[in-house]
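This report covers nonpolar packing and charged pairs in the structure shown below.

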Amino acid sequence: MDRTKESGEVLCFENETGTGQILAHEVFPGILLSYSHFHLERCESKYAQSQNMFGFEYCIEGNIQWNTQDGQSAFLGAGSFMPYDYGQSSGHFLFPQRKYQGISFGIQLPKAEGQLPPDFPVDLGRLKDRFCMGNNLDLSTSSQAANVLGLVQASVYQTDLHRKLACLELLLFLQDLQWTEYTALPMYLPSGQVRKLKQAADLLLNNLEHHYTLQELSQATGIPATTLRRQFASIYGCSAAKFVRKHRMEEAQRLLRETELTTSQIASVVGYDNPSKFAAVFRSYTAMTPKTYRQESRGQKGL
């Protein structure tokens with residue numbers, strides 16, 4: 001952990017599921033800005049259940065899940081922006097895609113009150129009342145949001161002055177934001193429903209050789225097919241078909257690197273009866289043929 005005024009506080013996470021890092025800065029007293037980058041399945045936050053602390057989470061890539069104290073699970077996907085009340089969180093965060101990049105902007109009341117420049121036209125208390133409503137915004141189509149959030153993201157690795165200016169720009173943007181133009185449906189699910197959706201994902205992952213239909217997944221989980229399609233994509237960021245194809249290709253890469261199985265054998269293991277079709281899908285995914293991938297992954301290029 002590194003605590004300096006310019007570099008901020010670096011929080012590193014590591015467990016059996018992977019690694020992650022948060023770079024956090026206290027830009028003004030009581031106003032925190034951080035950038036998160038994770039390649040793992042879960043982590044715990046030390047800011048959980050912090051009283052009088054609210055903020056905004058913006059997902060750049062991947063998605064994030066956290067459990068609320070009333071037994072539900074909330075999800076935020078790429079391009080979405082959610083007001084966040086730290087006091088309502090259990091502090092346990094999950095990353096269904098095993099990857100996440102995001103920006104967090106936290107405000108501790110009343111510590112932050114009176115800390116902004118004189119005559120700055122943003123009332124932090126009003127901002128909390130206006131935005132902590134349990135919904136999220138899809139800002140992926142807003143060029144203004146992209147500009148402001150891009151400025152904020154870049155400032156994380158710049159100077160303290162850059163971060164102060166970026167945060168002031170963000171606060172002005174939030175105060176003027178027309179909520180109804182970007183409101184997306186809140187993605188809250190009961191924990192039992194989340195377990196069923198993860199059951200569907202596990203079924204796909206543990207049986208890569210089998211081609212499940214949406215109806216089969218529906219029967220296995222007890223979730224109606226149309227609901228399953230929509231909610232699976234909300235959690236995992238893609239359809240069930242794309243999800244299993246991605247993991248088939250990742251498993252094929254592993255087998256090419258670590259085993260002596262033939263291309264035809266690997267194709268069968270990951271659910272392709274036709275080796276030519278497997279090779280075509282593999283090439284579209286990696287821009288290499290299976291043979292070339294095996295050679296390059298083993299340092300045997302040209303042999």
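How many residues does the largest nonpolar core have, and which have the most contacts inside it? The largest core has 39 residues, and those with the most contacts inside it are Phe56, Phe105, Ile107, Leu124 and Leu171. A nonpolar core here is a set of buried Ala, Val, Leu, Ile, Met, Phe, Trp, Tyr and Cys residues joined through side-chain atoms within 4.5 Å. Buried means under 20% relative accessible area, exposed over 50%, and partly exposed in between (1.4 Å probe, protein chains only).

The model is predicted: local features need pLDDT of at least 70, side-chain atom pairs count only at pLDDT 80 or more, and totals for chains, interfaces and linings use all residues. Residues are numbered from 1 along each chain as its sequence is written, and side-chain values use heavy atoms, with hydrogens and water left out.

**Cores**

The elements that each supply at least two residues of the 39-residue core include β3 (18-28), β6 (53-68), β10 (100-108) and α3 (160-176). Helix α3 gives the largest share, seven residues. Helices (H or I, at least four residues) and strands (E, at least two) are DSSP runs, numbered from the N terminus. Beyond its neighbours within four places in sequence, Leu171 is in contact (heavy atoms within 4.5 Å) with Phe105, Ile107, Leu116, Phe120, Val122, Leu124 and Leu127. A second, separate core has 20 residues, among them Ala24, Leu40, Tyr84 and Phe95.

**Ser218**

Ser218 lies in helix α6 (residues 214-221). Ser218 counts as buried because its relative accessibility is 9%. Not counting residues up to four places away in sequence, Ser218 touches Ile223, Pro224, Ala225 and Leu228.

**Salt bridges**

The whole structure contains nine salt bridges, each defined as a side-chain nitrogen of Lys or Arg within 4 Å of a carboxyl oxygen of Asp or Glu. The table lists examples.

| Pair | N to O distance |
|---|---|
| Arg42 and Glu16 | 2.1 Å |
| Glu26 and Lys111 | 3.1 Å |
| Arg254 and Glu258 | 3.0 Å |

Arg42 is in strand β5 (residues 42-44) and Glu16 in the loop between β2 (8-15) and β3, 26 residues apart. Arg42 is partly exposed at 28% relative accessibility, whereas Glu16 is exposed at 64%.

Glu26 in strand β3 and Lys111 in the loop between β10 and α1 are 85 residues apart. Glu26 is partly exposed at 41%, as is Lys111 at 44%.

Arg254 and Glu258 both lie in helix α8 (residues 240-258), four residues apart, about one turn of the helix. Arg254 is partly exposed at 30%, and Glu258 is exposed at 52%. Salt bridges with shared partners join Glu251, Arg254 and Glu258 into one network.
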